[in-house]
Amino acid sequence: MKGASEQILQASEITAACERLVAEGARLQMAYAWFPEAGGPAEVVYLADQGRHKPFPLLRCRLPENAPSLPSLATKIPLLSWYEREMTDLCGLTFSGHPDPHPLVLHEGAHPSMPPLDPRYPKDEPMPYSEQPWDLPPIEGSDVQVLPFGPVRADVLESAQIVFYYVGEAILHCHPRLFFKHRGMEKRFEGLDPAFGVLIAERISGVDSVAHSLAFCQAVEIASQCEVPERALHLRTVLAELERLYNHLHYLGYLCHTTTLKVGEAEGRLLEERCKKLNGIFTGSRFLRGLLKPGGLRRDLDLHDLPHELRMLEPEIAGYIEKLEKTNSHLDRLITTGHLPENVAFDQGATGPIKRASGIERDLRRDHPYAAYDRFEMAIPMRTEGDAHARAQVRMEEIRNSITLILKALARMPQGPVATPIEYPGGGEGLGWCEGSRGSIYYAVHFDKDGRLGRVKVKSASFSNWRVFPYTVHDTNMMDYAINEASFGLTMAGCDR
């Protein structure tokens, strides 16, 4: 696959190869399966990141048609656990020795006639479903109480159910269940022209529309060996940072909501709104949609007055952050809340500000530059405390860095076209990536023989961080739960893709 360094292995060689990558310091990023031919055997793909400026290792293994099974790696490389369960649900594969072999995406009671991601499975056919109870862990002890929370929750939170096991205020265990509104969007990509596929990609998650569409476009462009014009690369950098800016301000406002700091919540929401207004004025879309396409941008943008507007906004944002960092009642609820140790963050697959707040210094913008990020010096905010305050501080510094990056990119904005013609390669493949506001996003794109989309695999940041989150909840108290969840900045849409 273009964009990665690949090895083709037998099923019996996968375990040793993945363990060797981890021993050499690489980190697995995602695993997925697809069917190169309708009715044929599945191929399983493992993607890793071995560090700054090194190619992404990619392992692929074609399974025998009569034995769609692999040994599970979940006990040795825990972050692969959800990927293996997802492949079981959507591609019909089995992973022997999996420690938690329960449905993940398809809840108990779903009965697809064949694996949903098999190309023969019809896109628009409702999946048969009969209600079955959720297989929850057994509990012992007369003092242990059980609280099912959700899937309909207060405010406008997306659908998820969290089952708490607790004694008094102390949480013994929490068991999250997501995927209530899975939209089958990876299936939706099948057979589409890539120019239409980008519209699907930017609707995977409302908070990271640019990041998703950028990763998708890069995968298509890498597969097509298309060279994007310099002006389009700079504009993509500006758009990605504008997206990061309003998302981080939304995050700070919502975190204040959970600590009942009402003025801080109102100020954060106001600053977020002003950023979205700037997006609307300068691009025509508050969520920065409808701008990217494979080969560049759909149209040129006049951002001549944007630096003035940002310089007007910058001191207000700095003052807001300074006041948050001096508000003891707010800080008291954040410091030590939801501690995530570095080793757990690494093993379980934390990404973005979450991992950087736990001491893992990785950022795709610097380590594997895309758009025009390699033209600028970048500081990567880091903390080692791993608590809710550290996660907020990382985002505060990223806000400052985003404004600096936008102003630099605008000052050096080259003239010229913003798009180049592109031809989609029949049977081609490409890998794209992007550091969204929530963390790393990957797209693996496989074309069919006619140059249309055959399989698109989406790895979103929240899919990783939702898996990590329960490790910060155990042995905490109920009063801190909402603060802890808000400090992760989780979205359900990124999982329910």
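Q: Is Arg231 buried or exposed in this predicted model?
A: Arg231 counts as buried in this predicted model, because its relative accessibility is 9%, under the 20% cut-off.

Q: What does Arg231 form a salt bridge with?
A: Arg231 forms a salt bridge with Asp300, and the closest N and O atoms are 3.0 Å apart; Arg231 belongs to helix H6 (residues 230-258), whereas Asp300 sits in the loop between strand E11 (296-297) and helix H8 (306-324), 69 residues apart. Asp300 is partly exposed, at a relative accessible area of 39%.

Q: And which residue meets Glu241 in a salt bridge?
A: That is Arg365, with an N to O distance of 3.1 Å. Glu241 lies in helix H6 and Arg365 in helix H12 (residues 364-367), so this pair ties together parts that are 124 residues apart in sequence. Glu241 counts as buried at 1% relative accessibility, and Arg365 counts as buried at 4%.

Q: Which residues do salt bridges with shared partners join into one network?
A: Glu241 and Arg365 are in that network, along with Arg244, Arg356, Asp363, Glu398 and Glu435.

Q: How many salt bridges does the structure hold?
A: The structure holds 39 salt bridges.

Q: Switching to cavities, how many of 30 Å³ or more turn up?
A: A search of the whole structure finds six, and the largest cavity has a volume of about 100 Å³. It is lined by 15 residues, of which Gln29, Leu79, Tyr83, Gly349 and Ser464 are the closest to its centre.

Q: What classes of residue make up the lining of the largest cavity?
A: The lining has six nonpolar, six polar and three charged residues, with strand E2 (27-34), helix H2 (81-91) and helix H14 (461-468) each supplying at least two residues.

Technical notes. Residues numbered from 1 in each chain as written. Predicted model: local features only at pLDDT ≥ 70, side-chain atom pairs only at ≥ 80, totals over all residues. Heavy atoms only, no water. 1 Å grid on protein atoms, 1.4 Å probe; cavity = no way out; pocket = protein on both sides within 12 Å on 5 of 7 lines; lining within 4 Å. Points joined across faces, edges and corners; volume = space filled by probe spheres on them. Helix = DSSP H or I, 4+ residues; strand = E, 2+ residues; numbered from the N terminus. Nonpolar A, V, L, I, M, F, W, Y, C, P; charged D, E, K, R; others polar. Salt bridge = Lys/Arg side-chain N within 4 Å of Asp/Glu carboxyl O. Buried < 20%, exposed > 50% of the residue type's maximum accessible area, 1.4 Å probe, protein only.
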